[in-house]
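Here is a briefing for a reader new to this structure. Look at the sequence and the model first, then read on.

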Amino acid sequence: MAKVYREILGGWARGFRFVLLASMVVMMLAVSACGSGGNSAGSSAGEADKAEAAGSGNSAKTSVPSVLNYGFIGANKLNLPGGAEGWGFYKGIIQEELKKHGITEVKLTSFPNGPDQTESLISGRLDFGSLGDTPAIIAYAGGAKTRLIGQGSAHTVGYIIGKKDGPKTVKDLQGKTIATQKGSFMHRYLVGLLKQEGVTDYKLVHMLIPDATAALARGDIDATTNTGVQAVKQISDGYPALDDASKHPDLLGSSVTVVSEDYLAKFPDFPKIWNEAREKALADLKQHQDEYYKFLAEIGNTTPDIVKQVSPIEDLKDTAFTDDGLSLLEGTKNFLVEEKLAKKDFNISDWQLK
């Protein structure tokens, strides 16, 4: 019996050793497999990370909308603005630069005045635009989520034109009816000038330039504001020029470019890209000055000699911002706040995106 028991116990021990050995082999294989699998998974994860990073990079690049919506002031047959911006679009310089960043189409929309353009910018129909400083400031002070990215010119001249056989001086506007595009830089110039001249009793009516021109011809109003080629044409037609802003440097207007914060969220580098493209267009423009003035004449339906007079190349700024331009902008903002044309005061530097 004891012998049988010893044989059973010995067999059991041999079996246990076999099972233990087999288990150890299995465990070693499992560990090896896990190690190999871990490396494989790590490799896959690394590749996935790389792919995700690459995909993320592509996504960042393709997240820039392929269509850019730009607004400007002044309808014309070419549907282009003036200045370096217009020249850049006309010659394809800006489009070429923007294509490098995924923008394959630029849609340009003209507006009769700044307030209409800022409304489209606020509503999201535009991504950015160039317009007079006054409507841009009024909109920002009223809560528009825009950022200032450039000031293309700081020498926009407004005119006050009287009716024939009507007022001869600014002081003669006491008790008279004057038309202007409310919310425009001409509005700011007019109100500022009347205040300086002590004219306090007058009636101000809102009219777009074509309507005001017709109303002045009919004698329905005593005077109107105007600018550029249209003002020169009125004067040449015999309407008296009562004043112009070139005599009052603090009342000059400037052209600014603003972009919506929504678009900036999609393309944070846009201000830098845009200003570099504009500067490239300006450099080219200066190499083709006669051609540029012919381009402006076609836009304004006039002659190169007249556009040289009202829109000289020297007025165009070489950089996004200049000290004199920002000083003029600050003065305009302060005036608008003081006259309660702008809802609240703010720091230009908070609006400006350098």
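An open sheet of 5 strands runs in the order 2-1-3-10-4, with mixed pairing. Strands pair if DSSP finds at least two bridges between them. Strand 2 (105–111) and strand 4 (146–156) are the edges; each has a single partner strand, so one side of each has no neighbour in the sheet. The model is predicted: local features need pLDDT of at least 70, side-chain atom pairs count only at pLDDT 80 or more, and totals for chains, interfaces and linings use all residues. Residues are numbered from 1 along each chain as its sequence is written, and side-chain values use heavy atoms, with hydrogens and water left out.

- Strand 3 (residues 128–132) pairs with strand 10 (residues 253–260) in the antiparallel sense, over 5 bridges.
- Gly 132 has Ser 255 in strand 10 as its bridge partner.
- Helix 4 (residues 114–123) packs on this sheet and touches strand 1 (67–73), strand 2, strand 3, strand 4 and strand 10. Its direction makes about 160 degrees with that of strand 3.
- Contact means heavy atoms within 4.5 Å. Axes are lines fitted to C-alpha atoms, for helices over the stretch in contact, and angles run from 0 to 180 degrees between N-to-C directions.

**A residue in helix 4**

- Ser 120 sits in helix 4.
- Ser 120 counts as buried because its relative accessibility is 6%. Buried means under 20% relative accessible area, exposed over 50%, and partly exposed in between (1.4 Å probe, protein chains only).
- Neighbours within four places in sequence aside, Ser 120 is in contact with Phe 111, Arg 125 and Leu 126.

**The second largest pocket**

- This pocket holds about 200 Å³ of space.
- Its lining has 15 residues; Leu 121, Ile 122, Gly 124, Ser 260 and Asp 262 lie nearest its centre.
- Helix 4 and helix 9 (261–266) are the elements that give two or more residues to the lining. Helix 9 gives the most, with 4 residues.
- On a 1 Å grid over the protein atoms alone, a pocket is an open set of points where a 1.4 Å probe fits, with protein on both sides within 12 Å along at least five of seven lines; lining residues have an atom within 4 Å of a point. A volume is the space filled by probe spheres set on the points, which are joined across faces, edges and corners.

**The sheet 7-6-8-5-9**

- Here 5 strands form an open sheet in the order 7-6-8-5-9, again with mixed pairing.
- Strand 7 (203–206) and strand 9 (241–244) stand at the edges with a single partner strand each, so one side of each lacks a neighbour in the sheet.
- From one strand to the next, the twist averages 25 degrees.
- Strand 6 (residues 177–180) and strand 8 (residues 223–227) run parallel, joined by 2 bridges.
- Ala 179 stands opposite Thr 224 in strand 8.
- Helix 8 (residues 228–236) packs on the sheet, touching strand 5, strand 8 and strand 9. Its direction makes about 130 degrees with that of strand 8.

**The chain as a whole**

- The chain has 14 helices and 10 strands. Both are DSSP runs numbered from the N terminus: helices are H or I with at least four residues, strands E with at least two.
- Of the 354 residues in the chain, 44% are buried.
- Among contacts between residues at least 6 apart in sequence, 80% join residues at least 24 apart.
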